[in-house]
Amino acid sequence: MSIEFHGTTICGVRRNGKVAIAGDGQVTMGENVVFKSTAKKVRRIYGGKVVVGFAGTVSDAFTLCDKFEEKLQQCGGNLERAAVAVAQLWHGDQGMRQLESLMIVADDQHLLILSGTGEVITPDGDVAAIGSGGNYALAAARALVENTDLSAHEIAEKALHIAASICVYTNDHITVEDI
């Protein structure tokens with residue numbers, strides 16, 4: 001019997017030349033136990049120039065994050081090239097194809113989603129969200145972008161609070177990192 005840890009929400013927003021990625025702190029064991037409420041699933045890499053937020057099975061998310069950071073180093077910090085390199089690795093490596101994880105990655109120029117199928121996606125409207133509460137956060141962030149003058153940081157954070165009020169796999173212990 002394997003015990004799976006999952007449950008998270010990550011939201012990325014680009015607005016007025018700024019990017020923010022927010023993530024909640026909940027790790028759920030199985031389907032009904034909050035194993036940890038203060039996990040940090042958003043972090044800075046590459047000397048603080050890149051922010052990543054990850055969702056999915058915990059060990060898979062860490063593996064994907066490590067592979068992405070390795071490719072980012074090899075590509076001299078070029079976010080798009082590193083994302084494509086990870087996607088190619090994902091398709092070509094038997095072990096990588098088994099990873100159940102997604103990531104939102106951003107630098108000062110790009111906001112991308114690395115999907116669980118090895119795809120690189122540029123989100124519509126400079127808003128991206130993944131994870132258990134991703135659809136709730138995405139809807140909230142899009143509405144806030146269209147109807148307010150809030151900053152990227154404020155929108156990402158508020159979208160996570162809204163998702164946390166709806167999704168049982170999302171909590172309101174939120175980390176936000178800005179570029």
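Phenylalanine 62 is partly exposed, with a relative accessible area of 33%. The model described here is a predicted one. Phenylalanine 54, by contrast, is buried, at a relative accessible area of 5%. The structure holds one aromatic pair. That pair is formed by phenylalanine 54 and phenylalanine 62, with ring centres 5.4 Å apart and planes at 55 degrees, a tilted arrangement.

Strand E2 can be taken next. Seven of its seven residues are buried, so E2 is largely enclosed by the rest of the structure. In a regular strand, side chains alternate between the two faces of the sheet. In E2 both faces are covered: Thr9, Cys11, Val13 and Arg15 are buried on one side, and Ile10, Gly12 and Arg14 are buried on the other.

E2 has strand partners in E11 and E3. With E11 it pairs in the antiparallel sense over five bridges, and cysteine 11 has alanine 129 as its bridge partner there. E2 and E3 (residues 18-23) also run antiparallel, joined by six bridges; in E3, the bridge partner of cysteine 11 is alanine 22. The hairpin of E2 and E3 has two residues between the strands, and asparagine 16 takes a positive phi near 50 degrees in this hairpin.

Helix H3 packs against this region. Its buried residues are Gly134, Ala137, Leu138, Ala140, Ala141 and Leu144, and they pack against strand E2 (9-15), strand E11 (127-131) and helix H4 (152-166). H3 covers residues 134-147; at 1.5 Å a residue its 14 residues should span 20 Å, which agrees with the 20 Å between its end C-alpha atoms.

The whole structure contains three salt bridges. In one of them, lysine 41 meets aspartate 24, with the closest N and O atoms 3.4 Å apart. Lysine 41 lies in the loop between E5 and E6 and aspartate 24 in the loop between E3 and E4, so the pair ties together parts that are 17 residues apart in sequence. Lysine 41 is buried at 7% relative accessible area, and aspartate 24 is buried at 0%.

Lys40, Arg44 and Glu177 are linked in a network of salt bridges. Glutamate 177 meets lysine 40 at 3.6 Å, N to O. Lysine 40 lies in the loop between E5 and E6 and glutamate 177 in strand E12, so this contact ties together parts 137 residues apart in sequence. Glutamate 177 also meets arginine 44, at 2.8 Å, N to O. Because arginine 44 lies in strand E6, this pair ties together parts 133 residues apart in sequence. Glutamate 177 is buried at 16% relative accessibility, whereas lysine 40 is partly exposed at 44% and arginine 44 is partly exposed at 37%.

Note on methods: Residues are numbered from 1 along each chain as its sequence is written. This is a predicted model: local features need pLDDT of at least 70, side-chain atom pairs count only at pLDDT 80 or more; totals for chains, interfaces and linings use all residues. Side-chain values use heavy atoms; hydrogens and water are left out. Helices (H or I, at least four residues) and strands (E, at least two) are DSSP runs, numbered from the N terminus. The expected span of a helix is 1.5 Å times one less than its number of residues. Buried means under 20% relative accessible area, exposed over 50%, partly exposed in between (1.4 Å probe, protein chains only). Contact means heavy atoms within 4.5 Å. Two strands pair if DSSP finds at least two bridges between them. Rings of Phe, Tyr and Trp (its six-membered ring) pair if their centres lie within 6.5 Å; planes under 30 degrees apart count as stacked, over 60 as edge-to-face and the rest as tilted. A salt bridge is a side-chain nitrogen of Lys or Arg within 4 Å of a carboxyl oxygen of Asp or Glu.
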